[in-house]
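I opened this notebook to keep a record of what I looked up in the structure, going from the whole chain down to single residues. The entries follow the order in which I looked.

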Amino acid sequence: MRIAYAWLMIGVLTCCTAARAEIESVGGDVSFRGRLVAQPCGIVTDSIEVEMPPLNARELEQNGGKGPPKAFNIELTQCSTSVLSSVVVLFEGKQDAVLSGRLETRGKAKGIALRLLNGKDGSAIDINQPAKALDLQTGDNLLPFAVHVEAQKNPPVEGGDFMANASFKLIYQ
């Protein structure tokens, strides 16, 4: 009797286990999205403020309509050159209506615009146009730039405070 009972239990367990293995429930879809970025450097700061020195209108006239350059840097950190080894910087902003390639200013000062410069060789950088490629080194990097005030030919320069805004993009190569 015990043997018959044992065989009965084995049969019931086998039947239930087999039935359980064949039960299928309704499921759904799973979607995965991502983006792998080949960005070889981190940016130390994404907001740079450049304080322009006071400038006299006579200085502009005496220096061919150009003020002295004010240097600034874009700081990069933990750069790896194993994937990409250079970077092009694109400064974007509102172009001056009179001086092509220069950044428009706003404020009380009139008749001026800002010219961006490559900090290594002093060459001009037009707003909304990519600058020359700069080589990256492994580790931390400073990307040197400068800016100076340029006077428009007409109308005459008027004194006062001014400001301008541009954003920058890094295009790794």
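This is a predicted model: local features need pLDDT of at least 70, side-chain atom pairs count only at pLDDT 80 or more; totals for chains, interfaces and linings use all residues.

**Entry 1: the chain as a whole.** I took contact to mean heavy atoms within 4.5 Å. Residues are numbered from 1 along each chain as its sequence is written, and side-chain values use heavy atoms, with hydrogens and water left out.

I next listed the elements, where helices (H or I, at least four residues) and strands (E, at least two) are DSSP runs numbered from the N terminus. The chain has 2 helices and 11 strands, and from the N terminus on they run α-β-α-β-β-β-β-β-β-β-β-β-β.

For burial I used relative accessible area, with buried under 20%, exposed over 50% and partly exposed in between (1.4 Å probe, protein chains only). Buried residues make up 30% of the 173 residues in the chain. The chain exposes about 12,200 Å², of which carbon and sulfur atoms supply 53%; these areas come from the Shrake-Rupley method with a 1.4 Å probe, and for residues only the protein chains shown count as cover.

Entry 2: I looked up an open sheet of 3 strands, whose order is 8-3-11 and whose pairing is antiparallel. Strand 8 (134–135) and strand 11 (166–172) each have a single partner strand and stand at the edges, so one side of each is left without a neighbour in the sheet. Two strands count as paired if DSSP finds at least two bridges between them.

Strand 3 (residues 86–93) is joined to the antiparallel strand 11 by 7 bridges, and I found Val88 bridged to Ile171 of strand 11. Strand 3 also pairs with strand 8 in the antiparallel sense, over 2 bridges, where Ser86 has Asp135 as its bridge partner.

**Entry 3: the core.** Which residues have the most contacts inside the largest nonpolar core? I counted as a nonpolar core a set of buried Ala, Val, Leu, Ile, Met, Phe, Trp, Tyr and Cys residues joined through side-chain atoms within 4.5 Å. The largest such core has 29 residues, and Leu76, Phe91, Leu143 and Phe145 are the ones with the most contacts inside it. At least two residues of this core come from each of strand 2 (70–79), strand 3, strand 6 (112–118), strand 9 (139–151) and strand 11, with strand 9 giving the largest share, 5 residues.

I then followed Leu143, which, leaving aside its neighbours within four places in sequence, is in contact with residues including Phe72, Leu76, Val89, Leu134 and Leu170.

**Entry 4: aromatic rings.** I treated rings of Phe, Tyr and Trp (its six-membered ring) as paired if their centres lie within 6.5 Å, with planes under 30 degrees apart counted as stacked, over 60 as edge-to-face and the rest as tilted. A search of the whole structure finds 3 aromatic pairs. Phe72 and Phe91 form an edge-to-face pair, 6.2 Å centre to centre with 80° between the planes, and it links strand 2 with strand 3 across 19 residues.

Phe91 and Phe145 also form an edge-to-face pair, 5.1 Å centre to centre with 85° between the planes; here Phe91 in strand 3 and Phe145 in strand 9 are 54 residues apart. I noted Phe91 as buried at a relative accessible area of 5% and Phe145 as buried at 2%. Phe72, Phe91 and Phe145 form one aromatic cluster.

**Entry 5: two loop residues.** Is Thr105 buried or exposed? Thr105, in the loop between strand 4 (103–104) and strand 5 (106–107), is buried, with a relative accessible area of 13%. A polar atom of the Thr105 side chain lies 3.1 Å from the backbone oxygen of Ile112.

Lys153, in the loop between strand 9 and strand 10 (162–163), is exposed, with a relative accessible area of 72%. I found its C-alpha atom 9.1 Å from that of Ile112, 41 residues apart along the chain.

How values were computed. A polar contact is a pair of N or O atoms within 3.5 Å; within protein, one must be able to donate a hydrogen and the other to accept it, and residues adjacent in sequence count only if both atoms are side-chain atoms.
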